[in-house]
Amino acid sequence: MPEIRHSVCALDCPDACGLVIQVENGVGSKLRGRADHPITRGFLCGKVAKYLEREYSPDRLLYPQRRVGAKGEGRFERISWDVALDTVADKLKGIAEEFGSESILPYSYAGTMGFLNGGGMDRRFFHRLGASRLDRTICSAAGMVGTNEALGSRYGTEPEQFVHSKLIIAWGANILGTNVHLWPFIVEARRKGAKFYTIDPVKTRNGRLADKHFGVYPGSDLALALGLMHVIIGENLHDADYVERYATGFEALRERVKKYAPERVEALTGIPRDDIVALAREYATTRPAVIRLNYGVQRSERGGSAVQAISLLPVLVGSFRNAGGGIQLSTSQGFQVNRAGLEMPELQKLSTLGRETRLVNMSSLAEALNDLDGPRVKAMVVYNSNPAAIAPSQNRVRMGLRRPDLFTVVLEQFQTDTADHADILLPVTTFLEHTDLYLAYGHYYLQLARPALPAPGETKSNVEIFRLLAGRMGFEEPCFLDSEDDMIRTLLASDHPYVKGITLEQLDREQFVRLHISEPGTPFLPFAEGGFGTPSGKAELGKDNLEYTAPVESRLGSQELRARYPLELISSKNDDSMNSTFGNRADTDRQTDRLAMCAEDAAARAIVNGDRVRVFNERGSCLLTADVDGVVNAGVVRAPSVRWSKKSANGQGINALTAERLTDLGGSPAFYSCLVQVERCGD
Ligand SMILES: Nc1nc2c(c(=O)[nH]1)N[C@H]1C(S)=C(S)[C@@H](COP(=O)(O)OP(=O)(O)OC[C@H]3O[C@@H](n4cnc5c(=O)[nH]c(N)nc54)[C@H](O)[C@@H]3O)O[C@H]1N2
Ligand SMILES: Nc1nc2c(c(=O)[nH]1)N[C@H]1C(S)=C(S)[C@@H](COP(=O)(O)OP(=O)(O)OC[C@H]3O[C@@H](n4cnc5c(=O)[nH]c(N)nc54)[C@H](O)[C@@H]3O)O[C@H]1N2
Ligand code: SF4
Ligand SMILES: [Mo]
């Protein structure tokens, strides 16, 4: 008889689905979405519906290995765990002694969103060691800082509330591709008469299904937001009562937006002035109206301030008052667990340095590996991430990874581009094989998963590997012996009302538990009566950084650069991938081997649909297949990302083109401010 077990999808996705897995004789035979999970609602995205293919792939890494070829070549030999762990511990000890412990750099992101395997025992380990700390900015830092500047808190509108909306704006949000479990709520709202608009330089499937699509110039959203405010304030359509009670800086904003008349904003954004006026009026007068802002907007040079301005729109029109209003960028701040107890930053005091260690920005990995001194990075431990594919300025990242004097450890499930650069490669479990606790960034359910399947070969979880390494290093503090359950209990030991009272026993019984954000059955309206997290407790309308200048790498930016590289490249998410996680799949690889361009730009280069093209700038070049399909306007090209670099003909992935320049706020990569040229490949 097949047995039914429960799990949680750990991928870096807002939806954090509850899973049901059918297991026969220890082997998973079917994976489905939980029907009783209020957001998952019984279905999965395409990429995870076939996750068992990954689970049982013959390409899974099953044993510890040591590199025998050149760095990047990918030749390894099997070794035992004892040899692997001793080698890593000896090398780290030696490097710390000779160059200082800060010459060791952990590098991780969200390969798993589990608290324990994402940032638990590893954090304790590196704190105790006195390693450099990693500033984890690669994805969302610009948007987080932008939201904080505006509102001081980041409690996004619950997905369940979208059914009450009358106007839903997907702003830089590819909902059907990257957040598909929000879609049924939007469908229901539309059935009840709501309008659905998209603001995106790319006409994704959402754009094609929208009532209106606004094909904005890349990186110009701040100008658009200020233009909408110009109309809203100019026509007195703002909620004066809400603004008066719960915001500061209105007069400064009123002055500022005078400069953003629709004619000027049309020139800056490419959106016709009449559309700007109509959108502003409709947004201000339709109640409730909600904005689904996703992270696409903030991956540009002015992306942080753009998010800041967009977050102020619901303040201006008072839409935080009602269920189905407001804005959702992320819900993750609701998960007010005891992270400090999990990560134990105080362990840094026990390291040989005895102080807080330096912070290295993960988005500047190219610089960290090649240029950083005091001390130079001599060892890197990579887990939950594939920087050789996903970090900007890939050719410089790769140059760093190939330094003969750099000792690199990689914890991986598959032989990624980064794994190819490891000195020691350690095989890890998948989320179906280990215990973890999960937050979400697109809903408010805290979830627990126990192992549903046995760990294959000699794979171990990140938690176990760092626990073992701590032992090898001689770290004797009892926290290094904590079990997974100990760590979960620590996380739940929070006095915050959203979490207080939720227990491990309850999670074991129920698997998903709604945070205590509001009375059961009532909507969570954190800002209905102000209550913002800024020092003043009010939303900040008057900040001076809300002034638009075009990104250097954009059509209105450096004309000198644009003369050589006239096209704006957007390397946004592929619908059927998870960043580079499924880069080993042949179908995913085909999908990410594409470059969308418009007929006019293609014709000017004698390119027809299906031609092989070379996309290039001074940082690198990438070979792709042209899709002349009308999803982008003139001047924009789009590559669904992120492909494994080693799968492309010249070994360079899309991030060979992206810049090291950081966003205006938060220090994230400006992935989508990227000028390129495209040419047809010779026959
Ligand atoms: N299928 C799939 N799902 C995923 C992922 C994946 O790789 N594939 N990745 C996961 C991760 S890590 C994240 S962070 C989330 C991100 O989810 P999203 O933020 O939705 O993903 P992006 O593709 O970065 O950007 C969303 C949209 O923003 C648009 N965009 C780009 N530049 C601009 C701009 O300047 N202005 C405006 N208005 N729009 C712009 C893009 O064209 C894209 O359609 O998705 C998660 N889910
Ligand atoms: N050009 C361009 N570049 C981008 C983006 C883009 O849109 N365009 N998106 C950016 C964004 S938003 C993000 S978040 C980053 C994502 O960058 P990464 O966080 O590096 O994400 P992935 O490429 O999904 O790689 C995660 C890796 O973790 C591994 N993994 C999964 N579970 C575990 C585990 O339990 N333990 C260990 N040790 N490993 C595990 C997977 O096998 C996978 O290889 O990429 C960024 N890079
Ligand atoms: S990737 Fe997202 S949509 Fe797909 S199963 Fe995981 S959480 Fe759900
Ligand atoms: Mo991300």
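Biologist: What lies 2.9 Å from a polar side-chain atom of N655?
Modeller: That would be a nitrogen atom of ligand 2. Keep in mind that this is a predicted model.
Biologist: And what about N462, which atom of ligand 2 is 2.9 Å from its side chain?
Modeller: A nitrogen atom of ligand 2 again, facing a polar atom in the N462 side chain.
Biologist: Which residues come nearest to ligand 2?
Modeller: There are 32 residues around ligand 2, and E412, S571, K573, S580 and T581 come nearest. For E412, a polar side-chain atom sits 2.5 Å from an oxygen atom of the ligand.
Biologist: OK, switching topic. Where is D601 found?
Modeller: D601 is part of helix 25, which covers residues 599–603.
Biologist: Is D601 buried or exposed?
Modeller: Buried, and yet without a salt bridge. The nearest side chain of opposite charge belongs to R605, 4.0 Å away.
Biologist: So what does D601 touch?
Modeller: Leaving out residues up to four places away in sequence, D601 touches L567, N633, A634, G635 and V636. With G635, a polar atom of the D601 side chain is 2.7 Å from the backbone nitrogen.
Biologist: Last one: which residues of helix 19 are buried?
Modeller: In helix 19, residues 394–401, they are Q394, V397, R398, G400 and L401. Looking down the helix axis, those buried residues fall within an arc of 155°, so they line one face of helix 19.
Biologist: What do they pack against?
Modeller: The buried residues of helix 19 pack against helix 17 (365–370), strand 15 (379–383) and helix 18 (387–390).

Key: Residues numbered from 1 in each chain as written. Chains lettered and ligands numbered in written order. Predicted model: local features only at pLDDT ≥ 70, side-chain atom pairs only at ≥ 80, totals over all residues. Heavy atoms only, no water. Helix = DSSP H or I, 4+ residues; strand = E, 2+ residues; numbered from the N terminus. Buried < 20%, exposed > 50% of the residue type's maximum accessible area, 1.4 Å probe, protein only. Lys, Arg positive; Asp, Glu negative; His and termini not counted. Polar contact = N/O pair within 3.5 Å; in protein donor to acceptor, adjacent residues only side chain to side chain. Contact = heavy atoms within 4.5 Å. Arc of directions from axis to C-beta. Near = heavy atom within 4 Å.
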